[in-house]
Amino acid sequence: MKKTFALLAAGLLTLGACSNDEAALTDSTAAADPGESGFAVDGIAADSAVAALVPADITARGQLRNGASTDYAPAEYRKADGQTPTGYDIDLTRAIAKKMGLKDGTTTHVEFDSLLPQIGTKFDVGLSTFTVTPEREEAFNMITYFEAGSEYGVPAKSSDFTPDNPCGFTIGVQTGSSQEDALKEATAACEAKGAKPIKIMSLPDVPQIVTRVVSGQYDAIFADSPVLGYAVARSNGQLKTTGDIYDSAPVAIAVAKDNPELAKAVQAALQSLMDSGELKEIFAHYGITEGVLSTAEINPQVQ
């Protein structure tokens, strides 16, 4: 999941930066980036039951420290200044801190490969689109809050595209993504049953694909669900999602294995945000309306 986000997010961060001879959304046609303002967490009230669970050292510090690889829009990336972290995981860090009764939740950029070893030492938590795996659960407490998968997007005005039967349609996908591999398998299945193959159009970045979909050159785009939601939010009503989310997997906050108290506090804070509806509001700010969980679990059983 994280590798797919790397490719898709890289394209989204260049929204409006394509050359004139490329059919891509420009800053004049794209909606403002919701990450520039972020979600306003100041109105989130402390939860006394959550605050009672927070380890004493964090309460005394008054700050929840998060580490994230800030190059995965819309989960965690950087504002136009190239320095300030933003995204729904950054806003969620601050929201959790508010529920804990702390002054704030901070996020520091760390390269993804070196992030996990620093959780429990330099950082209290890791919110960086960590998909839950048995290997990660052996080393960390993983607290779930979201499910991400693959989803189709089509022109908002009209579309004959059917996600359950993509045979014969022209579908845009990012080069090297897991969705490209999935479409190759799907078109082979189409041909095996005597149907028309899928016309797979692989391009380097998402804005190029989105422009071709909304202009009618492609029937659909197939991408990671959060990335597609973000693209929809920035399309000025020209793009919409359709069908189910495929191959979804839980995403979780990582907490050091030797700090079960903090894991329970994070779980309680997430559950409070879920129960109040504030977690859904944070994701909706970035155009994501599906995949937000209603129950926060510590180390759920996964394959």
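How many aromatic pairs does the count come to? The count comes to 13 aromatic pairs, where rings of Phe, Tyr and Trp (its six-membered ring) pair if their centres lie within 6.5 Å, with planes under 30 degrees apart counted as stacked, over 60 as edge-to-face and the rest as tilted. The model is predicted, so local features need pLDDT of at least 70 and side-chain atom pairs count only at pLDDT 80 or more, while totals for chains, interfaces and linings use all residues. Residues are numbered from 1 along each chain as its sequence is written, and side-chain values use heavy atoms, with hydrogens and water left out.

**The sheet**

Helices (H or I, at least four residues) and strands (E, at least two) are DSSP runs numbered from the N terminus. Two strands pair if DSSP finds at least two bridges between them. Eight strands make up an open sheet of mixed pairing, in the order S4-S1-S5-S10-S6-S9-S7-S8. Strand S4 (104-109) and strand S8 (199-203) are at the edges with a single partner strand each, so one side of each has no neighbour in the sheet. From one strand to the next, the twist averages 25 degrees.

| Strands | Sense | Bridges | Residues opposite each other |
|---|---|---|---|
| S1 (63-68) and S4 | parallel | six | Ala 68 and His 109 |
| S1 and S5 | parallel | two | Asn 66 and Val 125 |

Contact means heavy atoms within 4.5 Å. Axes are lines fitted to C-alpha atoms, for helices over the stretch in contact, and angles run from 0 to 180 degrees between N-to-C directions. Helix H7 (residues 206-214) lies across strand S6 (140-155), strand S7 (170-174), S8, strand S9 (220-224) and S10, and runs at about 150 degrees to S9. Helix H8 (residues 225-233) also packs on the sheet, where it touches S6, S9 and S10, and its direction makes about 55 degrees with that of S6.

**The nonpolar cores**

A nonpolar core is a set of buried Ala, Val, Leu, Ile, Met, Phe, Trp, Tyr and Cys residues joined through side-chain atoms within 4.5 Å. Buried means under 20% relative accessible area, exposed over 50% and partly exposed in between (1.4 Å probe, protein chains only). The largest nonpolar core has 42 residues, of which Met 100, Tyr 145 and Leu 270 touch the most other members. Two or more residues each come from helix H4 (88-99), S5, S6, S10, helix H9 (260-276) and helix H10 (278-284). H9 gives the most, with eight residues. The contacts of Leu 270 include Leu 92, Ile 96, Ile 143 and Ile 253. Another core, of 13 residues, lies apart from it, and among them are Leu 115, Ile 119, Val 132 and Ala 254.

H4 and H9 also meet directly: their axes come within 9 Å and cross at roughly 100 degrees. The two helices are therefore roughly perpendicular, the term for 65 to 115 degrees, whereas under 35 is roughly parallel, over 145 roughly antiparallel and the rest oblique. Among the residues making this contact are Leu 92 and Ile 96 of H4, and Leu 270 and Leu 273 of H9.

**Aromatic rings**

The ring centres of Phe 222 and Tyr 246 are 6.4 Å apart and their planes stand at 75 degrees, so the pair is edge-to-face. Phe 222 belongs to strand S9 and Tyr 246 to strand S10, 24 residues apart. Phe 222 counts as buried at 7% relative accessibility, whereas Tyr 246 is partly exposed at 25%. Ring pairs also link Tyr 88, Tyr 145, Phe 146, Phe 283 and Tyr 286 into a cluster.

Note on methods
Lists of a residue's contacts leave out its neighbours within four places in sequence.
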